Amino acid sequence: PPRGAPLLEVRKIRKAFGGLTAVNDISFTIRAGDIVGLIGPNGAGKSTTFNLISGVLPLTSGEVELLGQRVDGRASRDIARAGLSRTFQHVKLVPDMTVLENVAVGTYLRTKTGTLRAMLGLNGAEEAQARAEALRQLRRIGLENQAHELAGNLALGPQRLVEIARALASDPSLLLLDEPAAGLRHQEKEALAEVLRQLKAEGLSLLLVEHDMDFVMKLTDRIVVMEFGRWLMEGTPAEVQASPAVRAAYLGA
Ligand code: ADP
Ligand code: MG
């Protein structure tokens with residue numbers, strides 16, 4: 001889609017877990033080429049919002065449109081094929097597989113039978129193609145030299161980048177990142193921010209949940225703020241930083 005065109009439209013999405021409404025009629029739009037932040041205190045409903053958008057959890061109500069197509073109610077694998085990829089809040093690499101193999105798993109989302117078992121049953125040509133694609137994604141994030149190391153031997157910063165490369169291997173238009181900077185050291189955060197800026201320059205759109213305010217403010221074009229499952233405000237980083245309501249939410253006032 002051309003830069004600025006609506007890519008993801010989220011309309012009044014809601015998720016109730018029994019009596020708890022974790023996500024309460026949240027609406028926002030992501031435009032092609034934007035980096036959007038989703039912030040809010042712990043328990044605000046950010047990860048659940050990701051799970052609803054990516055089809056990991058069924059919606060209680062509301063609509064999600066990706067590239068003009070309704071995707072709510074679809075399986076997460078179908079949504080991934082439609083152009084949305086994500087990482088999870090906790091790193092989910094296979095530690096005793098190589099970096100390259102971990103990324104190659106992501107390319108199977110594009111094949112008909114996107115399972116690990118199918119991966120093991122690939123013919124030679126398919127496997128070679130998946131490895132070549134994985135290597136291309138590792139180059140994109142500057143990790144090609146670690147391709148043959150075991151993922152479990154990498155530091156946390158590079159592991160996060162591998163997760164991102166794996167998510168990129170399904171060739172998304174929109175990438176959702178859940179707390180990508182959590183636990184990283186300063187230098188690792190800088191390296192991550194640089195990779196994300198580069199992806200944006202390549203035309204990818206990003207939605208990121210992040211606690212590190214400095215990281216969010218420097219990187220995003222717009223920010224959506226949630227509190228107790230509800231939409232609190234949306235604006236530029238400067239507008240969000242200046243908002244008394246946001247300050248109050250974070251101070252628990
Ligand atoms: P955040 O990512 O903003 O910290 P979450 O989306 O993880 O918040 O959680 C929002 C609220 O929903 C929390 O009160 C949490 O305990 C609750 N919650 C999340 N997932 C579930 C679940 N599977 N079952 C019941 N409650 C849940
Ligand atoms: Mg969370």
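View 1. The centres of domain 1 and domain 2, taken over C-alpha atoms, are separated by 25 Å. In this predicted model, local features need pLDDT of at least 70 and side-chain atom pairs count only at pLDDT 80 or more, while totals for chains, interfaces and linings use all residues. Residues are numbered from 1 along each chain as its sequence is written, and chains are lettered from A and ligands numbered from 1 in the order in which they are written. Domain 1 comprises 1-83 + 172-253 and domain 2 comprises 93-171; such bounds come from an automatic or database domain assignment. The contact takes 13 residues from domain 1 and 12 residues from domain 2, where two residues are in contact if their C-beta atoms, placed from the backbone, lie within 7 Å.

**View 2. The side of domain 1 that touches domain 2.** Helices α2 (76-82) and α7 (186-201) each supply at least two residues of this side. The largest share, four residues, comes from α7. Helices (H or I, at least four residues) and strands (E, at least two) are DSSP runs, numbered from the N terminus.

**View 3. The largest nonpolar core.** Of the 64 residues in this core, V103, V162 and A165 touch the most other members. A nonpolar core is a set of buried Ala, Val, Leu, Ile, Met, Phe, Trp, Tyr and Cys residues joined through C-beta atoms within 7 Å; a residue is buried if 20 or more other C-beta atoms lie within 10 Å of its own, exposed if 12 or fewer, and partly exposed in between, with C-beta atoms placed from the backbone. Helix α6 (residues 156-168) gives the most to the core, with six residues. Both domain 1 and domain 2 give residues to this core, so it lies between them.

**View 4. The open sheet of four strands.** The strand order is β2-β1-β4-β5, with antiparallel pairing; two strands pair if DSSP finds at least two bridges between them. The edge strands, β2 (20-31) and β5 (69-70), each pair on one side only. Strands β1 (residues 6-17) and β4 (residues 61-66) run antiparallel and are joined by five bridges. Residue E9 stands opposite E65 in β4.

**View 5. The surroundings of L150.** L150 is placed in the loop between α5 (124-140) and α6. This residue counts as partly exposed because it has 16 C-beta neighbours inside 10 Å. Not counting residues up to four places away in sequence, L150 touches P95, D96 and T98. The C-alpha atoms of L150 and P95 are separated by 6.4 Å, although these residues are 55 residues apart along the chain.
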